[in-house]
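Biologist: I have a model open and want to learn to read its features. Can we go through them one by one?

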Protein chains: 2
Amino acid sequence: MKKILAFDVGGTSIKCALYDAHGALLEKWQIKTDKKDCGMRIFKDIAASIRRKLPQLDQIQGIGIGVPGPVTGTFVETAVNLGWKKNDVAKALQDALGEAIPVFVENDADVAAYGEFMAHKKSLASMALLTLGTGIGGGVILDKTIHRGANGVGGEFGHFKMAETGNRCNCGNTGCLETFASATAVVHETMRKLKSGTPSTLSLDNINAKIIFEAAQAGDDLALAMVDKAAYYLGRAIGLINTALDLELVLIGGGLSDAGDFFIDKIRKHYRENTFHVVKALPIERAVLGNDAGIHGCMEVVRNHG
Amino acid sequence: MKKILAFDVGGTSIKCALYDAHGALLEKWQIKTDKKDCGMRIFKDIAASIRRKLPQLDQIQGIGIGVPGPVTGTFVETAVNLGWKKNDVAKALQDALGEAIPVFVENDADVAAYGEFMAHKKSLASMALLTLGTGIGGGVILDKTIHRGANGVGGEFGHFKMAETGNRCNCGNTGCLETFASATAVVHETMRKLKSGTPSTLSLDNINAKIIFEAAQAGDDLALAMVDKAAYYLGRAIGLINTALDLELVLIGGGLSDAGDFFIDKIRKHYRENTFHVVKALPIERAVLGNDAGIHGCMEVVRNHG
């Protein structure tokens, strides 16, 4: 049986995985992301890693790669975190391998959404994934395929402008969802409130998103207010997504989703309270694959030819 | 050559059209919407109209119908404006005709978007239409087809919740785009300002959206502020749509689009100022078909089998 290789390329490491042709995970490993030479060493490193795991390249059915940047076909115009510019990722990897093995290239957030979509217990046609971490990423699945967008973008829910004003976002705008509901935003806003003297069991000496969510579950008023504020903006944002798209499912992934139903129930409540009644019944669930969503999606893209 | 029939069913009248198989318009007419008998007379009236225009039913290639409600397949769960409940529209019309002619059923806003999409001078794959009238409707085209949504909804941009609070919308929520940027909203807000004594060339005795837009073009400060406020919310809403979907084009239709570039330039400006930079280049243009978008879309759905 042939094998499928999956690579989820991030700014610090590349998650790698080997699957059989049925999609069963055989092995998982990581390599360091070497950004020298405008990120071109990444291809040599992936190729070397492939040759170590599978010296007989004709055993490979295909290779799926998720990359942090907009993808059109197999082409990446720019991936800031890797140093890539105008890069045909499939060709570069085939050149590094010296073999014309089929290579499928996808945006990392899109392929994570596809991974979660394919791993979901129900057979659906449409879904969106919101990944809540340092920032907020996302991907959209429509008609059982990745919605790639005209410029390989789309699903950039973190940059939904939710309010007229607000803190400055990394993107340059103000009022972005990311500035209200990412892990970073929750920590910053909580610190600001602590500094201004809001009473809380939390301490500025020892604070992160996990600690804030635990304090909220233990009943700390400030922590609860912070978690609820994030949930409110997420509920409204999912309302916008679904008022536009009328999906079958929205999944919540990323670090903040570790808080589980304690957090997701709040998101569901704000979604229901703020969304057009005809699309209110949308199920909002927790994503299940964690950090493996990307490699799983890469594998499924190869299995299903995108 | 066979003929195509198109019917855009509204709450007060049904726009009807006859096209040849190449999509050339042969004739256009209207019939009154008779909502008695839970709206079931509509089918008899359409069937009678068809028999008058084309007594030989075997000349008909297909019939396209746009209806004001969510559509799944050929089924309409409910269309409040017509009195329909749990209605297989294709079957009802075929029964009324006594012939199993192919009938394609679509939501009216979706089919208007599809009409504009097919009439656009460039060959595109993706587009959204916002129709600005009494309310705000919309439709989304992806991969050259209507995005129908899981429940036959979607594209309900008028019910995007744009702000935490605001005037009550017909849907029951507050802060809906419709309450900021529909013709109704612009008129209401202007009247409120006039009543509170804001200086203006406008008068409470003679006011509607057209008059307000004309006053804005003539330089009236209040009218300008009102038009700009609507454009701001529309720009932000289109920003949300495109941050999620990365489209090739957004069109503005409906009564307010009659103001042309005077209005659409303001929408473009607010779009650019409030949207994630990677999707900023989106073209925003005026729709071209006016009230014929629906029948044109119905015809194209028949020609292209949906």
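Biologist: Which backbone oxygen does the side chain of Thr179(B) reach?

Modeller: First, the ground rules. This is a predicted model, where local features need pLDDT of at least 70, side-chain atom pairs count only at pLDDT 80 or more, and totals for chains, interfaces and linings use all residues. Residues are numbered from 1 along each chain as its sequence is written, chains are lettered from A and ligands numbered from 1 in the order in which they are written, and side-chain values use heavy atoms, with hydrogens and water left out.

Modeller: Now your residue. A polar contact is a pair of N or O atoms within 3.5 Å; within protein, one must be able to donate a hydrogen and the other to accept it, and residues adjacent in sequence count only if both atoms are side-chain atoms. The side chain of Thr179(B) reaches the backbone oxygen of Cys176(B), at 2.6 Å.

Biologist: Where is Thr179(B) found?

Modeller: In helix 4 of chain B, residues 178-181. Helices (H or I, at least four residues) and strands (E, at least two) are DSSP runs, numbered from the N terminus.

Biologist: Is Thr179(B) buried or exposed?

Modeller: Buried means under 20% relative accessible area, exposed over 50%, partly exposed in between (1.4 Å probe, protein chains only). Thr179(B) has 15%, so it is buried.

Biologist: What does Thr179(B) touch, not counting residues up to four places away in sequence?

Modeller: Contact means heavy atoms within 4.5 Å. On that basis, Thr179(B) touches Asn167(B), Arg168(B), Cys169(B) and Ala185(B), with residues up to four places away not counted.

Biologist: Show me another buried helix residue.

Modeller: Take Val89(B), in helix 2 of chain B, residues 89-97. Its relative accessible area is 0%, so Val89(B) is buried. Leaving aside neighbours within four places in sequence, Val89(B) is in contact with Phe43(B), Ile65(B), Thr74(B), Val76(B), Trp84(B) and Val105(B). Val76(B) is 13 residues from Val89(B) in sequence, and their C-alpha atoms are 6.9 Å apart.

Biologist: And one in chain A?

Modeller: Ser49(A) sits in helix 1 of chain A, residues 41-53. With 1% relative accessibility, Ser49(A) counts as buried. Not counting residues up to four places away, Ser49(A) touches Trp29(A) and Ile31(A).

Biologist: How do I read a pair of helices?

Modeller: Two packed helices are described by the angle between their axes and the distance between the axes. Axes are lines fitted to C-alpha atoms, for helices over the stretch in contact, and angles run from 0 to 180 degrees between N-to-C directions. Angles under 35 degrees count as roughly parallel, over 145 as roughly antiparallel, 65 to 115 as roughly perpendicular and the rest as oblique.

Biologist: At what angle do helix 7 and helix 8 of chain B pack?

Modeller: About 50 degrees, with the axes 7 Å apart. Helix 7 and helix 8 of chain B are therefore oblique to each other. Their crossing is right-handed. A crossing is left-handed if the near helix is turned anticlockwise from the far one by less than a right angle, and right-handed if clockwise.

Biologist: What makes up the contact of helix 7 with helix 8 of chain B?

Modeller: By class, 11 nonpolar, five polar and three charged residues. Ala, Val, Leu, Ile, Met, Phe, Trp, Tyr, Cys and Pro count as nonpolar, Asp, Glu, Lys and Arg as charged, and the others, Gly among them, as polar.

Biologist: Which residues meet between helix 5 and helix 6 of chain B?

Modeller: Ala183(B), Val186(B), Val187(B) and Thr190(B) in helix 5 of chain B meet Ala209(B), Ile212(B) and Phe213(B) in helix 6 of chain B. This contact has six nonpolar residues, one polar and no charged. Helix 5 (residues 183-195) and helix 6 (residues 209-217) of chain B pack at about 70 degrees, axes 9 Å apart. That makes helix 5 of chain B roughly perpendicular to helix 6 of chain B. The crossing of these two is left-handed.
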